[in-house]
Every structure is written in C-alpha cells, then in structure tokens.
Amino acid sequence: MTKHTSTTEPAWVRFSLITLALTFMFLFLVLPLATVFAEALRKGFGAYFEALQEPDAWSAIRLTFITALIAVPLNLVFGVAAAWAIAKYEFTGKAFLTTLVDLPFSVSPVVAGLIYVLMFGAQGWFGPWLQAHDIKIVFAVPGIVLATVFVTFPFIARELIPLMQAQGSDEEQAAIVLGATGWQTFWRVTLPNIKWGLIYGVILCNARAMGEFGAVSVVSGHIRGQTNTMPLHVEILYNEYQSAAAFAVASLLALLALVTLVIKSVVEWRHEQAMKTVTEAPPERPEDSLNSSMASISQEVIQS
C-alpha cells in the first residue's frame, strides 16, 4: 500500500503566516487609519465639522472633486482608445505606445509635475506665449488637471488591455460583417464584454486622482483657497500645527478611500458572480453565443 505524503504545510506554519499577515495589516493599515479618525475627533464633533466647513478646506474639497470629475472622464476616453488600439490592431509603434501607457508608473509624480512647469511655466517653452495671451496653466486649475491626468492615465488602459487581448476580436469582426458601424460594434459588443474591467479601472483612477500629492504639489503653487487640493491642504494645516483640522480633512480623504474600497469589493464580487454564471451555464456553440448581440446589431442596421 502506497503511503501518500501530505503537501499541506504544518499547522504551526499556517498559524505563523496568518499571524504575521494580520499583525502587519494591523500595524501598517488598521492602526494608522484608526489614529487618523481618533485625532480628527479628539476635540469633538463640533471642532471636526468646523474644520471641514472652513472656507479654505471647503475650497480644497471642491477643487479635489472638480479635478477628479475632469481627469477621470478624460482618462476613460483615452484609456479605452489606447486599450482598443493595442489589443485589437497590429501597427508600427505598438510596443512604443504600450511603453508610453506605462510611463506614469515609472516616473516620479514630482518629476511629472516639474515637466509641466518646464513646459508651461513663466520660463518654460510656452510660458511667454501663454503670458502674452493671459492664459494660466501652471499654478492654476488647468495645471492641476493636467498633472492628475498624467499620473492616473495607466489605470484604465492597464485594466482593459489584457482583458481585450484575452477576448480577441472575433465578435467585433462578426458585427462588422453584419454591417454594424464602429459605434454600434463598440456599444453592443465590446462594451458589454469589458464593463467590469472598465468599472474597476475607473474606481482605481478616481481614487488616485483624489489622493494625488506629488505632481499636484509642484504645479499648484499652494495658493490657499484657490489651488490647494485636499492632500495639499492637509500638509499646510499640519505644518501650521493645526493638527485637529489637518486630521479632520485627512479623515475625509480616508473615508473616501474606504468608500472606494467598498465599491471595488462590490464590483469584484459582481464580476466573480457573472463569471461563475457563465462557467456553470451549459456549453453552447460559438456561433450561438453571439446571437443576442448580433440580432440587436442586425436590427439597428436594418432600421438605419
């Protein structure tokens, strides 16, 4: 009788690894987060809400959301276009385009902000022309948006590229053969297949846009009430020894991060459920799986 050797780690090894992981998470994630909220509420809820209602704080909150509302849709369009081009087509310079998509991951955000200062600052390449036409980019909202778009660009594209590559282009080609336009093909075929990856990328992009510090710090000019986002406002308050107000604004950022984490978890769960449903469904012929989308496309083509 053959004796089988167990490949499962001993109980003490599993216990040690789990304890180490939980200890690390508590010390470096849970404890700092709890400290932020504890310090924010140290002087009571009255002082907490007063710090958030202060004009400079409200201006920073408003600018943070405005920046995210501009940067995320722009990256949504750029990310989908870049992912579609890289995943669906073969062309000269494809590897170079892929490298450009990954560039913000490898460049320091401070360097990214400095690039925009060197381009659009008073002594930059376009500085004299911008001053002559009374156009402000650096030390103004446009510069903050540009810096945020740069550092958050890869998130959506990088979520979609491997997903689109794995799905191939058979369904798009079938739609085109049926007479669908490019927009009909994208709306009826491509978008339903990438919706979960797209939502996931948008969530990550939005989280980074609201929390970006380095690049925005360089191009903002730290003008209170005008060009300070929430992370910059936290730094100013802390440097001025207004710790309670600084932690109050920081707690709002942390709360936004927690909300983002919850939404991310829900999206992941929905995606897993959708994949499980597809896996457990009875096998179909490849041509049958396209019937619903192809039928709707054919109907649209006939009506047009």
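Axes are lines fitted to C-alpha atoms, for helices over the stretch in contact, and the angles between their N-to-C directions run from 0 to 180 degrees. This is a predicted model, in which local features need pLDDT of at least 70 and side-chain atom pairs count only at pLDDT 80 or more, while totals for chains, interfaces and linings use all residues. Residues are numbered from 1 along each chain as its sequence is written, and side-chain values use heavy atoms, with hydrogens and water left out. The protein chain has 13 helices and 0 strands, where helices (H or I, at least four residues) and strands (E, at least two) are DSSP runs numbered from the N terminus.

**Helix packing**
- The axes of helix 5 (residues 109-120) and helix 7 (residues 141-167) come within 10 Å and cross at roughly 140°.
- Helix 5 and helix 7 are therefore oblique to each other, given that angles under 35 degrees count as roughly parallel, over 145 as roughly antiparallel, 65 to 115 as roughly perpendicular and the rest as oblique.

**Burial**
- Of the 304 residues of the protein chain, 36% count as buried; buried means under 20% relative accessible area, exposed over 50%, and partly exposed in between (1.4 Å probe, protein chains only).

**Salt bridges**
- The structure holds 6 salt bridges, each being a side-chain nitrogen of Lys or Arg within 4 Å of a carboxyl oxygen of Asp or Glu.
- Lys94 forms one of them with Glu90, with the closest N and O atoms 3.1 Å apart; Lys94 is buried at a relative accessible area of 16%, whereas Glu90 is exposed at 70%.
- Arg158 and Asp102 meet through their side chains in another salt bridge (2.8 Å, N to O), and this pair links distant parts of the chain, with Arg158 in helix 7 and Asp102 in helix 4 (residues 94-106), 56 residues apart.
- Glu240 forms a salt bridge with Arg224, the closest N and O atoms being 2.7 Å apart, and the two residues lie 16 residues apart, Glu240 in the loop between helix 11 and helix 12 and Arg224 in the loop between helix 10 and helix 11.
- Salt bridges that share partners join Asp56, Arg224 and Glu240 into one network.

**Positive phi values**
- Most residues other than glycine have a negative phi.
- His222, in the loop between helix 10 (214-220) and helix 11 (230-239), has a positive phi near 55°, and this residue is partly exposed, with a relative accessible area of 30%.
- Tyr241, in the loop between helix 11 and helix 12 (243-280), has a positive phi of about 65°, and this residue is exposed, with a relative accessible area of 75%.
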